[in-house]
Amino acid sequence: MKKMKFNLILLTVLSIFSSCSDYTDGINKSPNEFTDAPGDLLIGQANLAVIKINGSQASRISGIWTDQFTGSDRQYISLDSYIVTSGGFDDDWSDLYTGLAQSKLAETKAIENDDIFLEGVSKIMQAILLGEATSLWGDVPDSEAGDYITSPNPLYDSQVDVFAHVQDLLTDAISKLGETTVSGTYDTGFKSEGTWSEIAHSLKARYYLVAKDYPAALSEAKSGITLGNDLLSIHTSSSGSRNLYYQFIVEERGGYLTAGGPSKLHNLLSGAEPRLLVTPGDSKRKDVYFDGTELNTNVGGYFAIDSSFPLVSYIETKLIEAEAAQRANGSTGSEGLIAFNEARTHLASEYSGDFPLSTSSGINLTNEILEEKYISMIGSLQVFHDARRTNNVLSIPVKSTSATSIPQRFLYPQSEIGANKNFPGVIGLFEKTSINN
Amino acid sequence: MKTKFTMILTLFMALIVQISFAQQKTVSGTVSDENGLPLIGTTVLVVGTSSGTTTDFDGKYTIRAKTGDVLSYSYVGYTTQNKTVGAASTINLSLQSDNTLDEVVVTALGLEKKKDEDLSSSTTVNKDALERSKESGIIQGLAGKTSGLKITRNSGDPGAGAYIQIRGQNSLNGNSNPLIIIDGVPVSNKSAGGATDGTVGGATDGVTQQSRLNDLSSEDVESVTILKGVAAASVWGAGAANGVIVIKTKRGKRNSKAVVNIKSSVAFDNINVEFKKQNTFGQGYPSWWLDDGKDYSSDGGMWVANTGLSWGDRISDRTGGDDTVTTGNTRFESATGNIIYPITSKNSTEVFNSTNRDQVFGTGITIDNSVNVAFGADKSSTFISYSDWRQDGIIQGKSSYRRQTFRINQVTDLSEKIKSKVSASYSRIGSDRIQQGSNLQGLYLGYLRSAPDFDNRDYVGTYFNSDGFPTLKSHRSYRNYLGSAAPTYNNPGWTINEQDNPNYVDRFTITPQFDWKIKENLTLTTRYGLDYYNDHREYYFPVNSAAGLGTGFYGERDLKEKTENFNTFLNSSHIINENLNLNLILGMSIDSNQYSILGGTSEQFTNPAVGDLRIFGNATAANESIASYKEETRKSGGYFILNMDAYDQLYFEASARYERSSTFEENVFYPSASIGWKFSDLVNNDILSFGKVRVAYGEIGITPEPYSTTTTYGPGGVFSSWGDGLSAAAYGNPFSRSNTLGNPDLKEERIKELEFGADIRLFNNKASLGFTIYDKTTSDAILNVDVAPSSGFLGKRANAAEITNKGLELDGSVNLINNTNFTWKLNANYSHNKNKVTDLNGVESVFLAGFTGTSSRVVEGHPVGTLWGGKFARDSNGGYVLDDNGFPTISEEEGVLGDPNPDWIGGVGTVLSYKGFTLSAQLETSQGNDHWAGTEGVLKYFGIHPETANESTATADLKTFDGRTISNGTTFRGNIQDFGGGDVALDLEWYTANGGGFGNQSESFVKDASWTRLREVSLAYDLPKKLIKNAGFSSIRLTLSGRNLALWSKIDGFDPDINLTGATLGRGLDYFTNPSSQTYAFTLNLTF
């Protein structure tokens, strides 16, 4: 009797449950967020990731380590003498790889919808992100990157393989995009008067140069960005879209980043350190770059609130062409000199100043080209790549008494050390990446 | 749902089996206590049957029984008596108080139970102990009073919330707070923090928000029972996994005239620990920094305006007198009429540490008034209360808290069999909060960094530029002494007077309950609970607030939460025979929670002179934003609890809950069982008055948080950890896939606990001791596991961790003296909990809260909340790896720095009464907890910390961090230390690098923060009854009390009982956290 009663009770309870699932079920769908998004919105986020890697912390570190800038306050004082931890690189690495995943998602959507333009642009974004990743860190995940479901612990590909993949991506992109203009084609955050194809050629030149394939760099540079067609980031004075340097210097971390010392770049422009090629016009350029020994964040300054930041430019392309020609052609021909002087002519008009043409040749000319690139590409990661590739031929000062060279790479991030089971092992800051060995 | 409920009721009723009796007669009588007063609600049972009744309001009962039947009379706190039914049909008797401590615990369902028969480790804190605490929140008032419970304040701000932890951290999944049950129904205890967003806690800046538990007045509380063990809590299922706190509010007494209680209290608060600041060296830095020429020929510090650093010249070396200034157009005219001109030579030797301090801190005043009335009629009882707590904080300016509460608790007999209980309350809170933490607009950041030779008092005024053009409402701080533009850091005067962070809370709860006595031994209880609040928060930063918000910022957030619970259960008692009693509870409950946030921000004001206007629209469209968040969860469950006692000494309890939640659409089952043996009945011993051993096993779960099963997409944007970034809104709203991977395979976390304990009383109940050991394991703990960023995600929710908590709890008390005129009681408690994350699925560590350089994390093999950050590099012997100059280098990998969880906590309390005087005191201690002294590190960087003002004389040629040599015999500002490679000079180059808070190591700032404090002390005097009787009073009591009066700790500058990131899992962090306070209070209680 008692047992029966008990069983009956249990049965009742169970019956409540079978009928109460309709009370609880079906409301666990987020009312706050979407579960999918179209490709054109996804690529925009990848574009922002590209702007960030080029104009935020990675760029500031490169600038400090190449002594364009000086770390003057708080954590930046440590950064200035190369004191860094792996955790300090989490941020850039994460944005770079989530940006990569984002462009791969866009690519998938593009293929689904037969949108060759979106496919092309997403490949260019992947190429930039991977190109910078491998330039900064050496061996990095590529073939297994950005695909958590199949590869939760991406393997690291060799730097050579990553550069080869970057070139393939850009080749594909050029074939998809043809002469499509940047303007109006998935250009969130960007502005350029040119075509995606010329930008892709400049990028090919850039990464051939970093990989020391000078003949290929030379030939790609020749199809690269033409005058006035730089790919720039868009910044305005509205909150959320201000120049990243401006935000850092003025709004977030006043006093951290300066050209105090003054920095080598400041000295070259002010004449405190003589240039290889005398350039009176640099006094005008200095006023655009700097305000005293501060970075110029005033209206009209290089780092003003609404100043665009170059992602890949005509001047870079010309200087790649010049250097690559010098190195590919050896002592023969004048291709290098012509390209270099085209760059100088452009600078003369840009700054309305005196940028005398060069008559040098050989190693002197090569160094003049490198110095011009060092100055012209203020805040660019490419300057850091060049310094390491050329074994610091410009004698950028080593800022730490305990170091024998400038840093040769970024440290692998703590987040990757901690979470990737295929992480190959920590490599020190002063160990060269394989292409520079 | 309603029809479904009716159906269930019918089913329940169908289960009631009638048992009939023969040859019965009616027995009646009155049950009273030893003083002859009727005992209402005494249980009268016919032993061996299921027949029983309870006494009415006059202590009378009537029951049908046979001659020869044994009637059992029981009442909580009194010795049970048995009477055999004889010829007489009237049995009157008086029950004797059983002279135990008649301790009662409240079970998870809100039912009372004798502690002696309870098989759990639950402990109860009653109203006297709570009222003594002088805390605005009930939770804070529990600190140190019982074992197994750890309370940490979020800050000393008025009304600030607190973190509650019962038996260590079980889960990493969202809120770590225990479930709060008030009068039988769950209420919200969400604590949502953050400056400008509505995210739940974890922010390192913003204002300290209140916790919802502060909304209740402690004057309304009768008792608080802490259910520490899983077995005791499991009837609530998921949600009770972090323990349950059961609060019982006061009720009126039946057949009682109105008793009015009036309390009026005034309290004075002061800051209890302060950072010391050096006043030897002024604002500035060494002259060799000027052109970075590193020309060390002149190595003196010099005065530099507007720099953040105080590494300048020695103030006493100045010429004295007024500063040399340039009088001209350029000037700052302060609101008080002072004119400040550009300084060309700093001559003044004045220092301002103490005036700057007095600008910020003062005496906070709290006025707390409350009145309550309790009365009862024949068939009803009523309790009505009103309270008004008004507090001005120790921080001068806009720091205040005002809470008004109103409550009515009504019990009515609707019929002989049906009783209704209705509790309703309303709380209205208005408060002003002060910005804190890692925040250029925060109080401590600007105040503590201020140079000693800078006078902060003139913080607002008009700046005139060189053309004489005025800028109204200019903001002057040591980072911009002319107020020519928004300074880098706020002047503290600006932070506390010009910024405005009010919030307003309206909260209602209503809890109707019906008890239907279906049969003498069978009751159906049905409860509904509604808890609703609206928390409106505003954040206002006027134009010229420190960098970043210099163009003005206004934000508003409305948080709304509705918590509903419907619970119904059948409670039946059966007396199987003389030696075996059985009680069965069978019930079901459904829960629903709706939470939403709506808010927006407006920045870059179009009209900068907004005055008191707090509106959106005072900015261009691009600078306005709006955000919303909605969340709904539901849960339904059924449970049963079986209680058996045999031979009045063996107890057994089994319970089970079967439930389903909306966030995890599968049914889960949580069983538990306990057994206890009152062995003292077998031991005839004068020393042992009572002894019981108990064992309990329980399982409980935590369901995944809502919406964590799918990967989401939303407007993206990119932001660096340095603050610069691009928002999606400014770029046509591109969408980003969430960096957190949704996990459709998530299942519930399961906590299994085995506890063993004993409760013993000795020497005729004069001394009591309870102890419990427990072993608890959480498997499949859900957490945001870091995934390799190269996979395209940064984290995912996963059942990835295993956490164990093992511990020991001791509670003891002793009545040392117990005379009519003099009593002396002592009580003590001790808790030790060892928490360990035993498995993290191969992930090295997971961030919980803090900063990039120093954080509180989950690390495999370490306790939850482990402090983590940059370390010095070590060689294989544990020595520093030194650089060429003899200074330690930094390890390339971050690592574990300390454990913020205490090794043990404890409390000792005493109550002494002599005639009308009652003296009580409570000591509390926490031992072995580490804390990151982030503020101290940063003050070293700035040259503010007294250590940085030491002057040392080199006893040999000493190297500095940057490779200079300080030659033998030279006196320099700094210290000498040997890191293993011989003495080196720690001067500003060291402190502004790795020796200070902005360097790449934080291990030297993680410190042992063990503390012991005099938590409270009070002296009360009850006026003699005969004196006040004529005036119509039944009691007048005067109390002088103090809270937090003494603190012993190795930590300098702050009270380690606060935490920057509030009531989150991230523990042991200090970074410009608003300070804590101590209180002196005077209270008058009147009863008539």
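**A patch, a loop serine and chain A**

Let's start with chain B. B:Asp56, B:Asp58, B:Asp378 and B:Glu416 form a negative surface patch. Patch residues here have over 30% relative accessible area and no salt bridge, with like charges joined within 9 Å. A salt bridge would be a Lys or Arg side-chain nitrogen within 4 Å of an Asp or Glu carboxyl oxygen. Asp and Glu count as negative, Lys and Arg as positive; His and chain ends are left out.

A word on the source. This is a predicted model: local features need pLDDT of at least 70, side-chain atom pairs pLDDT 80 or more, while totals for chains, interfaces and linings use all residues. Residues are numbered from 1 along each chain, chains are lettered from A, and side-chain values use heavy atoms, without hydrogens and water.

B:Glu416 sits in the loop between β27 (400-413) and β28 (418-432) of chain B. Strands are DSSP E runs of at least two residues; helices are H or I runs of at least four. Is B:Glu416 buried or exposed? Exposed, at 77% relative accessible area. The cut-offs, with a 1.4 Å probe and protein chains only: buried under 20%, exposed over 50%, partly exposed in between.

Now chain A. A:Ser380 is in the loop between α15 (362-376) and α16 (381-389). At 13% relative accessibility, A:Ser380 counts as buried. Leaving out residues up to four places away in sequence, A:Ser380 touches A:Ser62 and A:Gln68. Touching means heavy atoms within 4.5 Å.

Finally, the whole chain. Chain A has 17 helices and nine strands. Of its 437 residues, 63% count as buried.

Key:
Patch = residues over 30% accessible without salt bridge, like charges linked within 9 Å, V, L, I, M, F, W, Y side chains within 5 Å. Areas by Shrake-Rupley, 256 points an atom, 1.4 Å probe, with all protein chains shown as cover. Charge placed at Lys NZ, Arg CZ, Asp CG, Glu CD.
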